[in-house]
Amino acid sequence: MVTNVVFLQPQIRSMKKLIAPSLLSADFANLQRDIEMINKSEADWFHVDVMDGVFVPNISFGMPVIKAMSKHAQKPLDVHLMIVEPDKYIKEFKACGAEILTVHYEACTHLHRTLQAIKAEGMKAGVALNPHTPVSLLTDVLAEVDLVLIMSVNPGFGGQRFIENTFHKIQQLVDMRKHAAADFLIEVDGGVNETNAHRLFMAGVDVLVAGNYVFGSDNPAATIQSMKKL
Ligand code: DX5
Ligand code: ZN
């Protein structure tokens, strides 16, 4: 079972520092074990990466696996769709336990409609941007989004190197959020580790996704704990 997603007030949001370990880097043969480890850890969400082999050059997992994950997960499922035509599957992702559903800007012809459809299902609506996509393109949907996910690697694989230009985009997005008096969360995904996590929080990021850094460490729960202390 999952708990309610708590979206914090803007003035205290950046102090919260949410951690969302990416299950893409979990041991798929021991998913229940890894999910229970996250349940007991100080992590805040489960980050769940769905890849279709079309929008990105990789295929991960789909609804049956997410449904199985949700049976054991005691924290919100933050589902990141790296798929074309996400509108087709919004109800299905709700049914398999997604609380936050993030679609890619580059995959949505009618993004405003897609965000409305996600919220109509009772989920929080997120939009993700590839490294080449300017944050300014979100200006006219900022009032509709609960979360903006800035990709800090090209999506498709875990364990890639962080792209430094991400900091420039975060600064722009923080400014846009302030000027629009909006209250969406800013999430960064890809290549997050001990060399950039603190700087990312200081730059105004609310949620850090970490796959390889958490699951590739000797003690994932301790790694999560160290990120919460940043
Ligand atoms: C990449 C995924 C990420 C991935 C991050 O396309 O969206 O969520 O799991 O993995 P790391 O933290 O290893 O870069
Ligand atoms: Zn992701």
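1. The model is predicted: local features need pLDDT of at least 70, side-chain atom pairs count only at pLDDT 80 or more, and totals for chains, interfaces and linings use all residues. Residues are numbered from 1 along each chain as written, chains are lettered from A and ligands numbered from 1 in written order, and side-chain values use heavy atoms, without hydrogens or water.

2. Ligand 1 has 20 residues around it, and Ser22, Asp49, Gly156, Gly159 and Asp189 come nearest; a residue is near if one of its heavy atoms lies within 4 Å. The shell comprises eight nonpolar, ten polar and two charged residues, where Gly counts as polar and Asp, Glu, Lys and Arg as charged, while Ala, Val, Leu, Ile, Met, Phe, Trp, Tyr, Cys and Pro are nonpolar.

3. For Gly159, a polar backbone atom is 2.8 Å from an oxygen atom of ligand 1. A backbone N or O atom of Gly211 also lies 2.8 Å from a ligand oxygen, and a polar side-chain atom of His47 lies 3.3 Å from one. Of the 380 Å² of accessible area that ligand 1 has on its own, the protein covers 99% (Shrake-Rupley method, 1.4 Å probe).

4. Strand 2 (46–51), strand 3 (77–82) and strand 8 (207–210) each give the shell at least two residues; strands are DSSP runs (E) of at least two residues, numbered from the N terminus. Strand 2 provides the largest share, three residues.

Terms used: Polar contact = N/O pair within 3.5 Å; in protein donor to acceptor, adjacent residues only side chain to side chain. Helix = DSSP H or I, 4+ residues; strand = E, 2+ residues; numbered from the N terminus.
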